Amino acid sequence: MPPPAQVPYRHGQFSRAGGWLPPDSKVMIGWVRKLVAEVDEKRRWTRALGPENWAPSIQAFDTVVQSSAKLRMLAAAMLEEVPNKEPYLTDPIGHKQIRDYELLLDTFQHILTSKVPEWSEHEYEVGLIGFPFNAILDWPMATPSGYAFFLEKDVNDRLKEILNTWRDDLLSTKASLKVITEAENGWLSPKALKTIENDTNLEGQKLTFAELFVCDPSKDHWGFQSWDGFFTRTFNPGLRPVHCPDETKWIVSSCESKPVALQTNVKKHDTFWLKGQPYSVAEMIPSVPEYTSKFVGGTVYQAFLSATSYHRWHSPVNGELLYAKVIDGTYFSEPTITGFGSQGGPDPAAPDQAQGYISHVATRAVFIFKTDDADVGLVGAVYVGMADVSTCEINKAWPKTFPIRVKKGQEIGMFHHGGSTHCLLFEKGVKLAWVDGARPEIAKRNVPVSSALAYAYT
């Protein structure tokens with residue numbers, strides 16, 4: 001293969017997840033208004049809300065906030081700092097969408113106990129599917145105080161408990177099957193299935209959902225056991241063959257995902273929180289400093305998984321897995337460059353425009369592979385939990401000791417309940433010829449999992 005022109009150094013240019021999301025925030029605003037109205041109605045007619053009725057995970061969050069003058073101040077200030085103007089107002093008398101701290105936690109409780117995300121074409125377009133916590137925090141996290149609040153470790157430890165409770169007590173239970181139906185708001189409705197099919201079919205394919213994924217339309221809920229089970233569904237055998245499985249110079253796509261950034265000459269430390277969000281290797285993989293130097297001066301590729309995508313991760317290479325670990329981090333942190341301080345106003349689907357930033361601070365699973373090819377060397381992979389998508393699960397069947405032998409295309413883990421983002425890191429000096437579909441500036445569709453991504457040449 002003749003060497004192509006070298007990929008130029010370019011900072012990540014994150015905008016609407018690679019062009020997937022529209023700039024109009026009206027859908028999100030309307031959704032949050034409706035949610036707050038439901039909470040107000042529950043407050044008015046029942047005793048199901050209020051501090052004494054909050055779940056233990058929410059009470060623990062409140063205890064942490066109330067025990068620290070700094071956190072109590074930031075929690076109040078991030079709500080007050082949301083501007084008193086449209087589109088941040090919700091009614092003629094000037095109420096904001098989330099008016100005070102107690103209403104925020106009441107809304108957490110409402111989501112935790114009863115909010116299983118339904119199918120909505122409008123919500124899909126604005127990136128809200130599966131992200132109710134993110135939706136109500138979108139404006140507060142865009143304020144200066146919100147930026148500080150959501151970086152605090154104690155806050156994120158408690159948010160992790162809340163999100164895990166939502167996952168375990170609702171999204172992974174049979175109660176969540178109320179939206180895995182063929183009703184208009186169900187994930188098996190004709191419009192939902194058509195959207196998933198369009199996002200999943202390869203060029204020229206017209207396969208149905210049942211032909212694409214393991215399911216049984218003759219059974220209730222098509223055989224799915226929960227909302228989370230639907231989102232971690234698997235492909236039918238043979239639909240995603242591994243490209244050149246024995247050719248070690250070929251790297252394959254690790255996720256069913258759309259490219260959003262490709263950057264060469266990455267630094268050990270860089271200003272990932274500022275404009276351009278340049279990658280900073282030492283912060284992306286902080287728990288493995290012995291490998292950091294290998295990727296300094298190398299290449300980072302990043303791609304986004306939408307809510308309708310396949311959510312499992314597969315090995316991009318043949319070789320030995322030297323390291324795999326989930327690193328706890330943030331859940332709703334947004335940099336100031338995409339908040340209220342930015343010239344264009346806050347990102348209405350944050351952290352959509354901050355995917356480079358969250359790759360350094362959010363909860364994420366880090367993998368280090370030693371490939372079978374000296375021209376490829378080590379490959380790093382970072383699978384990033386994005387907002388409500390808090391669970392990064394490494395293959396539970398693996399032994400606890402490393403190295404572990406892996407094959408290209410082998411399943412290595414998954415995201416739970418939603419879309420997210422991931423990065424691949426390559427060593428300095430590795431020359432890569434990227435397939436056209438992997439170039440963010442021209443990519444229009446997902447790069448299929450296990451398909452050709454890049455070729456290492458000398």
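The dialogue below walks through salt bridges, a helix, the cores, some backbone features and a sheet.

Q: What should I keep in mind about the model before reading it?
A: This is a predicted model, so local features need pLDDT of at least 70 and side-chain atom pairs count only at pLDDT 80 or more, while totals for chains, interfaces and linings use all residues. Residues are numbered from 1 along each chain as its sequence is written, and side-chain values use heavy atoms, with hydrogens and water left out.

Q: How many salt bridges does a search of the whole structure find?
A: First the rule: a salt bridge is a side-chain nitrogen of Lys or Arg within 4 Å of a carboxyl oxygen of Asp or Glu. By that rule, the search of the whole structure gives 11 salt bridges. One of them joins Lys 160 to Asp 328, with 3.2 Å between the closest N and O atoms. These two come from distant parts of the chain, 168 residues apart: Lys 160 is in helix 9 (residues 153-171), and Asp 328 is in the loop between strand 5 (319-327) and helix 15 (355-361). Helices (H or I, at least four residues) and strands (E, at least two) are DSSP runs, numbered from the N terminus.

Q: Which side chain does Arg 240 meet in a salt bridge?
A: Arg 240 meets Glu 256, at 2.8 Å from N to O. Arg 240 sits in the loop between helix 12 (227-231) and strand 1 (250-252), and Glu 256 in the loop between strand 1 and strand 2 (258-263), 16 residues apart. Both Arg 240 and Glu 256 are buried.

Q: What does the salt bridge between Glu 411 and Arg 312 tie together?
A: The closest N and O atoms of Glu 411 and Arg 312 are 2.8 Å apart. Glu 411 belongs to strand 10 (residues 411-415) and Arg 312 to strand 4 (residues 312-314), so the bridge ties together parts that are 99 residues apart in sequence. Glu 411 is partly exposed at 27%, whereas Arg 312 is buried at 14%. Elsewhere, Lys 249, Asp 373 and Asp 375 are linked in a network of salt bridges.

Q: How should I read helix 9, and what do its buried residues pack against?
A: The general idea is that an α-helix has 3.6 residues a turn, so residues three or four places apart point the same way. Helix 9 has 19 residues and reaches 25 Å from its first C-alpha to its last, close to the expected 27 Å (the expected span is 1.5 Å times one less than the number of residues). Its buried residues include Val 155, Leu 159, Ile 162, Trp 166 and Leu 170. Contact means heavy atoms within 4.5 Å. The buried residues of helix 9 pack against helix 3 (56-66), helix 4 (69-80), helix 5 (101-114), helix 7 (132-137), helix 8 (144-149) and helix 12.

Q: Which residues have the most contacts inside the largest nonpolar core?
A: A nonpolar core is a set of buried Ala, Val, Leu, Ile, Met, Phe, Trp, Tyr and Cys residues joined through side-chain atoms within 4.5 Å. The largest has 64 residues, and Phe 108, Phe 149 and Phe 332 have the most contacts inside it. A second, separate core of 34 residues includes Val 317, Val 379, Ile 404 and Ala 454. Leaving aside residues up to four places away in sequence, Phe 149 touches Phe 61, Val 65, Leu 71, Leu 74, Ala 75, Met 78 and Val 155.

Q: Where is the cis peptide bond, and which residue has a positive phi of about 70°?
A: The cis bond joins Phe 402 and Pro 403, with omega about 5°; Pro 403 is in the loop between strand 8 (392-394) and strand 9 (404-406). Ser 450 has the phi of about 70° although it is not a glycine. Ser 450 lies in the loop between strand 12 (431-434) and strand 13 (452-457) and is buried at 2%. Cys 244, also not a glycine, has a positive phi of about 40°; Cys 244 is in the loop between helix 12 and strand 1.

Q: What is the strand order of the open sheet of three strands?
A: Two strands pair if DSSP finds at least two bridges between them. Here the order is 1-13-12, with antiparallel pairing. Strand 1 and strand 12 stand at the edges with a single partner strand each, so one side of each has no neighbour in the sheet. Strand 12 and strand 13 pair over four bridges, and Lys 431 stands opposite Tyr 457 in strand 13.

Notes
Buried means under 20% relative accessible area, exposed over 50%, partly exposed in between (1.4 Å probe, protein chains only).
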